[in-house]
Amino acid sequence: MSVLQPRFCTACGSALGGQRPHPVCTGCGRTHFRDPKVGVGVAVRDASGRTLLVRRGVQPEKGKWSLPAGFVDAGEDPRDAAAREALEETGLVVEVGAVIDVWPGAGAGGGGASFFLAFEASIVGGTLAAGDDATDVGFFAAGELPELAFPSTRAVVDRP
Ligand SMILES: [Zn+2]
């Protein structure tokens with residue numbers, strides 16, 4: 001995936017120069033850091049041990065299935081972000097627990113994320129219904145999975 005490089009300073013509007021290792025403003029001298037895009041998702045299982053998945057309504061991997069997931073907003077607690085995305089995509093209110101694992105790189109985790117964290121989560125309310133970026137939602141056993149968007153989903157489903 002290509003990353004758009006900024007060309008002008010967000011503080012003073014001057015051109016950015018140098019790549020050592022980050023662009024530096026030719027006007028005010030400010031260094032411009034590129035921040036990672038953090039993806040978070042929840043692993044929710046029902047009483048039968050099946051995992052909650054959503055069908056992606058957006059690219060990348062549109063039409064394939066993944067954990068309920070999305071991006072952390074600036075200043076947002078990652079667990080709050082995971083709970084927010086779960087509610088938006090599945091209609092379920094979840095309590096977010098421990099980190100299961102962290103996956104690096106675009107495509108390995110969430111779409112376009114620099115890295116992706118999956119959290120344990122349990123349902124505490126809500127009504128199951130696909131919403132926001134999800135076109136369908138359901139619980140799946142490890143042996144009956146639909147086509148998955150990201151390797152991290154398989155890893156989460158297969159965990160003990
Ligand atoms: Zn500047």
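## Cysteines at the zinc site

Cys12 is partly exposed, with a relative accessible area of 40%, whereas Cys9 counts as buried at 5% relative accessibility, and Cys25 likewise counts as buried at 5%; here buried means under 20% relative accessible area, exposed over 50%, and partly exposed in between, with a 1.4 Å probe and protein chains only. The model is a predicted one, in which local features need pLDDT of at least 70 and side-chain atom pairs count only at pLDDT 80 or more, while totals for chains, interfaces and linings use all residues. Residues are numbered from 1 along each chain as its sequence is written, and side-chain values use heavy atoms, with hydrogens and water left out.

The zinc ion is coordinated through the SG atoms of Cys9, Cys12, Cys25 and Cys28, at 2.3 to 2.4 Å; donors are N, O and S atoms within 2.8 Å of the metal (3.2 Å for Na, K and Ca), and since water is not among the atoms, sites may look incomplete. In sequence, these donor residues follow the spacing C-x2-C-x12-C-x2-C.

The site has 4 donor atoms with angles of 99 to 118 degrees among them, and its geometry is tetrahedral, a class assigned to four donors if all angles lie between 85 and 135 degrees. Ideal angles at a metal are 109.5 degrees for four tetrahedral donors. A search of the whole structure finds 0 disulfides, a disulfide being a pair of cysteine sulfur atoms within 2.5 Å.

## Overall fold

The chain contains 2 helices and 9 strands, taken as DSSP runs numbered from the N terminus (helices H or I, at least four residues; strands E, at least two). From the N terminus on, these elements run in the order β-β-β-β-β-β-α-β-β-β-α. The C-alpha trace spans about 60 × 25 × 25 Å along its principal axes, and buried residues make up 40% of the 160 residues in the chain.

## A nonpolar surface patch

Leu87, Val93 and Val124 make a nonpolar surface patch of about 250 Å², where patches are made of residues with over 30% relative accessible area and no salt bridge, like charges being joined within 9 Å and nonpolar side chains (Val, Leu, Ile, Met, Phe, Trp, Tyr) within 5 Å. A salt bridge is a side-chain nitrogen of Lys or Arg within 4 Å of a carboxyl oxygen of Asp or Glu, and accessible areas come from the Shrake-Rupley method. Val124, found in strand 8 (residues 115–126), is exposed, with a relative accessible area of 52%.

Technical notes
Areas by Shrake-Rupley, 256 points an atom, 1.4 Å probe, with all protein chains shown as cover. Tetrahedral: all angles 85-135°; square planar, octahedral: opposite > 155°, others 65-115°.
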